[in-house]
Amino acid sequence: MNNAEFQLRGVHDARLAVHATSASPAWLWTPDGARLLWANPVGVAMLGAADAETLAARTFSPADQQRRQVAQLAARLLPEMPPRLERLRGFGAPLGSLVTCICTRLPFADGENGILIVAAATMGRTMPLDERLRRIVKTATTPMAAFMQDGRLAGASETARPLLGSHNLANADLAQARDAALTTGHAETSIDIGHVALQRIGSGSDIGLIATIAPTATAHDDATPPKPIVTPRP
């Protein structure tokens, strides 16, 4: 899995997006525990990785404590089984301690399965929300930006920065789409820099918005006012 797929899985899959900005770590493992299919920013940091790109490329050895525990969980977590609480060693817990985690087997349309492990509580210093949002888009290869609920820019990928300029979600040309995305979960609009798709992630006080931008070469020649298209998501 490349870095873009690793990042976008946590934005577009509602089962993961709700944990994307959580202050508690969350990881989606392959059933054998050898690789991670996704992790939120706190989960990336808990495993000592510099960024999601590094973690996406990592293979855990058969002797790794976390890999062994994931494989054991996979044998017990059957498809369609409700989440279960497990006490696991490592996964951000202090050395020698156990942490309570919510564990679920998630099926995907391509036939792949993943083992979702979410710590039931925050551990150590809480990473600020704007930092969590920034890390989601920082190493993305596609033009992506992260925003706070009030429209302030939290961070952007290298490919998005030249496009954004002074744009944020408080601007008049994006405010309507922002409000729609916060309400329905998803909204799209076209502005001078191109087509912008907004996706709501997180829950409660940890909600943020991820913008995926498709730039258009003739965008600056288009004087037609933007018309947001709102697409409700279940």
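1. Trp-29 has a relative accessibility of 0% and therefore counts as buried, a word used here for residues under 20% relative accessible area, with exposed meaning over 50% and partly exposed in between (1.4 Å probe, protein chains only). The model is predicted, so local features need pLDDT of at least 70 and side-chain atom pairs count only at pLDDT 80 or more, while totals for chains, interfaces and linings use all residues. Residues are numbered from 1 along each chain as its sequence is written, and side-chain values use heavy atoms, with hydrogens and water left out.

2. The next point is the sheet. Its five strands form an open sheet in the order S2-S1-S5-S4-S3, with antiparallel pairing; helices (H or I, at least four residues) and strands (E, at least two) are DSSP runs numbered from the N terminus, and two strands pair if DSSP finds at least two bridges between them. Strand S2 (36-39) and strand S3 (84-89) stand at the edges with a single partner strand each, so one side of each has no neighbour in the sheet. From one strand to the next, the twist averages 30°.

3. S3 and strand S4 (residues 98-107) run antiparallel and are joined by six bridges. As an example of such a bridge, Leu-88 has Val-99 in S4 as its partner. In general, the strands of a sheet pair through backbone hydrogen bonds, either parallel or antiparallel.

4. Helix H5 (residues 65-76) lies across strand S1 (26-29), S3, S4 and strand S5 (113-119), and runs at about 160° to S3. Such axes are lines fitted to C-alpha atoms, for helices over the stretch in contact, and the angles run from 0 to 180 degrees between N-to-C directions.

5. What does the largest nonpolar core contain? It has 26 residues, of which Trp-27, Trp-29, Leu-36, Leu-55, Phe-91 and Ile-117 touch the most other members; a nonpolar core is a set of buried Ala, Val, Leu, Ile, Met, Phe, Trp, Tyr and Cys residues joined through side-chain atoms within 4.5 Å. Two or more residues of this core come from each of S1, S2, helix H4 (52-56), H5, S4 and S5. A second, separate core has 23 residues, including Val-11, Leu-106, Val-118 and Ala-140.

6. Phe-91 deserves a point of its own. At 0% relative accessibility, Phe-91 counts as buried, and, leaving aside residues up to four places away in sequence, Phe-91 touches Trp-27, Trp-29, Gln-66, Gln-69, Val-70, Val-99, Ile-117 and Met-123, where contact means heavy atoms within 4.5 Å.

7. The count of aromatic pairs comes to three; rings of Phe, Tyr and Trp (its six-membered ring) pair if their centres lie within 6.5 Å, and planes under 30 degrees apart count as stacked, over 60 as edge-to-face and the rest as tilted. The rings of Trp-27 and Phe-91 are edge-to-face because their planes stand at 65°, with the centres 5.4 Å apart. Since Trp-27 lies in strand S1 and Phe-91 in the loop between S3 and S4, this pair ties together parts that are 64 residues apart in sequence. Trp-27 is also buried, with a relative accessible area of 0%. The rings of Trp-29 and Phe-91 have centres 6.0 Å apart and planes at 75°, so this pair is edge-to-face as well. Trp-27, Trp-29, Phe-60 and Phe-91 form one aromatic cluster.

8. Finally, Thr-104 has its place in strand S4 and counts as buried at 15% relative accessibility. Not counting residues up to four places away in sequence, Thr-104 touches Leu-77, Pro-83, Gly-114, Ile-115 and Leu-116.
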